[in-house]
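Please keep the sequence and the coordinates at hand while reading.

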Amino acid sequence: MTTQPTASHFINGAYVEDTSGTEIPVIFPATGEVIATVYSATPAIIDQALEAAKAAQKAWAKMTGTERGRILRRAADMIRDRNHELSVLETYDTGKPLQETLVADATSGADALEYFGGLAATLTGEHIPMGEDWVYTVREALGVCVGIGAWNYPTQIACWKGAPALACGNAMIFKPSETTPLCALKVAEILHEAGLPAGLYNVVQGLGDVGASLVNDPRVDKVSLTGSVPTGKKVYAAAASGMKHVTMELGGKSPLIIFDDADIENAVGGAINGNFYSSGQVCSNGTRVFVHKNIKEAFLKRLSERLEGAVLGNPLDEAVNFGPMVSERQMGIVLEYIAKGKAEGARLVAGGERVDMEGFFVAPTVFADVTDEMTIAQEEIFGPVMAVLDFDDDDDVIARANATEFGLSAGVFTRDLTRAHRVIGALEAGSCFINSYNDAPVEAPFGGVKASGVGRENSKEAIQHYSQVKSVYVRMGDVEAAF
Ligand code: NAD
């Protein structure tokens, strides 16, 4: 397969190139090789995308939900048919193992298109009787939506934002992360092959400045960002000055609490999924693993044994289950955090270094005896670094788990059901797990509280964030007036 796309951007139903923008090399993280080049959108390209979206949106919103949904569901089927090819591209774009991308990326995007395709025809208003008068409500599209993506799940993010936006009758302009620009172009291409009218799903490449131009443009009605908290604060503020709708899916430093009555094998499995899947580059990861003192050594022993099952290597080899960091830069950030963990006195149990092979590999790393004030317990690392902290009191661990600006996810492992629900009820997080970690089906709302974000993606909740309600009062009798 060729990884060089036909052109950098996809606008008004066609690939568009403009090499006068800044050159963005696309690097395969497993080798450091340049596998494609795209160009950042110039003001003319951004304008072209906005005009195309604006021109197409009204007619799309006037189609029936059934018609819109049929196109989205057709695109979902096409994505599934092409899953292998799309998964290989996702692996080139991100470095994530093909073993993962085959089941978690294009398939998750297809789920979103299928789910919101199915919901499109069910979006109706209400009839509210007022004696002989009545009120009716109409659920309307917002207009032109901008989606801005992070680099860890490029296909999934492009679909999680595009599917509900289109189902509700909006147009979308999606700006992928500059680190992983390839996959969203394929999503756009497939949507149009499936029958989406031109202009409704556009992809423009670029760095933060292109994102900022889109967010600030008065033609844009809504912005949905997946990214870090600092970027989220900037984008939210810019959107607020134009009174635009927002969804913010931001970072986290989530707690995973393992009680001494937990099934250790499952708890270790949850901690592995919540720290090492996608080499730890997952926003909802449970990176603060609070383990009850009574089972701490047993937990660490079993975790160390199971870490031997990590297979590092070329992520295109399906036997490999642990890939590189997405970029040299991200590898550097993770290695700095590991150095801080060591310097601040955490006990290194596993990993702790760059792997001696080509590509940006950092070994799966576990620190034990981590305390709350250590940097690795406070800041989002976004890499394969697990911090294991001790506890022995339920109320104390809840308070410690909540003592963070973030609030994306939280998990508990226990066999005691009342404890599980009581503790989850007290944790400040948007997406929670009991005896599991990091499941993200399209049917379930996903998103954070506190600094981790506003709004929810997926599920029926997402509809609230891509539509608005018009209320119409209908009088049947005469109008009474003072004069
Ligand atoms: P980032 O914040 O650096 O960039 C995110 C996107 O925002 C990129 O496309 C970038 O070009 C764009 N951007 C940067 N500055 C901008 C500006 N001023 N205006 C508009 N757009 C701008 O994040 P990243 O490094 O790509 O991704 C990692 C972060 O994303 C982590 O913090 C992670 O937790 C978070 N994340 C969150 C979720 C979630 O659903 N909650 C999912 C994945 C990643």
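Two residues are in contact when heavy atoms of theirs lie within 4.5 Å. Helices (H or I, at least four residues) and strands (E, at least two) are DSSP runs, numbered from the N terminus. The model is predicted, so that local features need pLDDT of at least 70 and side-chain atom pairs count only at pLDDT 80 or more, while totals for chains, interfaces and linings use all residues. Residues are numbered from 1 along each chain as its sequence is written, and side-chain values use heavy atoms, with hydrogens and water left out.

An N or O atom in the side chain of Glu380 is 2.5 Å from a ligand oxygen. Taken alone, the ligand exposes 850 Å², and the protein buries 86% of that; accessible areas come from the Shrake-Rupley method with a 1.4 Å probe, and for residues only the protein chains shown count as cover.

Helix 8 also has a buried side. Its buried residues (under 20% relative accessible area; exposed is over 50%, partly exposed in between, with a 1.4 Å probe and protein chains only) are Val210, Gly211, Leu214 and Val215. Seen down the helix axis, these residues fall within an arc of 135 degrees, so they line one face of helix 8; the arc is that of the directions from the helix axis to the C-beta atoms. Their cover includes helix 1 (43-62), strand 7 (144-148), strand 8 (171-175), strand 10 and helix 9.

Helix 15 (residues 417-426) can be read in a similar way. Arg419, Ala420, Val423 and Ile424 are buried there. Because they cover an arc of only 120 degrees around the axis, they sit on the same side of helix 15. The face turned away from that side carries the exposed residues Leu417, Thr418 and Gly425. Strand 12 (255-258), helix 14 (394-402), strand 17 (409-413) and strand 18 (431-434) are among the elements covering the buried residues.

Two single residues complete the picture. Gln281 lies in the loop between helix 10 (264-276) and strand 13 (288-292), and at 3% relative accessibility Gln281 counts as buried. Its side chain reaches the backbone nitrogen of Val326 at 2.9 Å. Leaving out residues up to four places away in sequence, Gln281 touches several others, including Trp151, Pro324 and Phe382. Thr365 belongs to strand 15 (residues 365-368) and, at 0% relative accessibility, counts as buried. The side chain of Thr365 reaches the backbone nitrogen of Gly352 at 2.8 Å.

How values were computed
A polar contact is a pair of N or O atoms within 3.5 Å; within protein, one must be able to donate a hydrogen and the other to accept it, and residues adjacent in sequence count only if both atoms are side-chain atoms.
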